[in-house]
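I opened this entry to keep a record of what I looked up, element by element. Here is the structure I was working from.

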Amino acid sequence: MNNRELEYELTEQEQLNKVKYTKGFYAVFALCVCAIGIAGWYTYADVKNYMHHNESPEISITASEPVNEQAEVKLSGIEKNTTENEDVSDNAEEEVPQETPTVISEPVRSQRVCPTGENKKILSEYSMNNMVYFETLKDWRLHKGTDYAAAQGEEVFSISDGIVSAVIKNELYGEGVELEYKNGFKATYYGIKPDSNISLGTRIKAGDVVGTVTEVPCEKSLQSHIHLEMTKDNQYVNPETYLNNTDNP
């Protein structure tokens, strides 16, 4: 083999090797590119998943103005209406109103009792300084007490706590009992027969029986009744005023 053939043969071999190496280079390059692409894809997916799981939750913040005690606030000549914001929470505990305990007490006994009990019918009122015509006596005179309707034999009660200061038998007003109360008050019950336990110095409670109805001689023209007179420091007063003024002992 001459040199020329040898040189040709070597050149051909180099070209084959060149083509072989070129193909191999591109194959390796393609594999590298694919590997880089796959690695990049997985890296992107991991980063995306990481970012998705670590997203900050949305926080809603509501800013409200402080509540002013006045319904209307004026600033720099501008009127501004403010209303109180009510924050309602589904999980907030509801306030349970406390029940007020019921107090049961015994009824208080009244300081004043009508002398004829439930029957409070008045036939003749206290006249103060006005003259009144007495049909039975056929003349004019002061009516110093109050006449309460009551049937013969009915019980008569003390109008307040007191002490028996006199047992009376009067020509004009008949039998009676005088009771002394607090603060200078005295009451004289005319037209009653004193109860058997009534005597000078007997202590009487409001509502206790002092006697039973008989008659008032000077007022026979009226239906059956009792005549009640009252004085304070020896001055005549209206019995009804005393009965209705429970603040005055």
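**Ground rules.** I worked on a predicted model, in which local features need pLDDT of at least 70 and side-chain atom pairs count only at pLDDT 80 or more, while totals for chains, interfaces and linings use all residues. Residues are numbered from 1 along each chain as its sequence is written, and side-chain values use heavy atoms, with hydrogens and water left out.

I took strands as DSSP runs (E, at least two residues; helices are H or I, at least four), numbered from the N terminus, and I counted two strands as paired if DSSP finds at least two bridges between them. I began at β8 (residues 162-170), which is joined to β9 by 7 bridges in the antiparallel sense. A hairpin of 3 residues connects β8 to β9, and I noted that Asn170 has Gly174 in β9 as its bridge partner.

From β9 (residues 174-180) I moved on to β10, and found the two strands running antiparallel with 5 bridges between them. Along this pairing Glu178 stands opposite Thr188 in β10, and Gly176 stands opposite Tyr190 in β10. The hairpin of β9 and β10 has 4 residues between the strands, and in it Asn183 takes a positive phi near 55°.

Tyr190 stands opposite His227 in β14.

How much of β9 and β10 is buried? I used under 20% relative accessible area for buried, over 50% for exposed and partly exposed in between (1.4 Å probe, protein chains only). In β10 (residues 185-190), 5 of the 6 residues are buried, and the strand is mostly covered. In β9, 5 of the 7 residues are buried, so this strand is largely enclosed by the rest of the structure.

**Salt bridges.** I searched the whole structure for salt bridges and noted 2, taking the term to mean a side-chain nitrogen of Lys or Arg within 4 Å of a carboxyl oxygen of Asp or Glu. One joins the side chains of Lys138 and Glu135 at 2.6 Å, N to O. Lys138 is exposed at 52% relative accessible area, whereas Glu135 is partly exposed at 40%. Another joins the side chains of Arg141 and Asp139, again with 2.6 Å from N to O. Here Arg141 is partly exposed at 27%, and Asp139 is partly exposed at 22%.

**Surface patch.** I also looked up a nonpolar surface patch of about 360 Å², which is made by Met131, Tyr133 and Trp140. Patches are made of residues with over 30% relative accessible area and no salt bridge, with like charges joined within 9 Å and nonpolar side chains (Val, Leu, Ile, Met, Phe, Trp, Tyr) within 5 Å. The areas come from the Shrake-Rupley method with a 1.4 Å probe, and for residues only the protein chains shown count as cover. Met131 lies in strand β4 (residues 131-134) and is partly exposed, at 47% relative accessible area.

**Asn130.** My last entry concerns Asn130, which I found in the loop between β3 (122-124) and β4. Asn130 counts as exposed, with 55% relative accessibility. Which residues does Asn130 contact, leaving aside its neighbours within four places in sequence? They are Arg141, Leu142 and His143, where contact means heavy atoms within 4.5 Å. Asn130 and His143 are 13 residues apart in sequence, and their C-alpha atoms are 7.9 Å apart in space.
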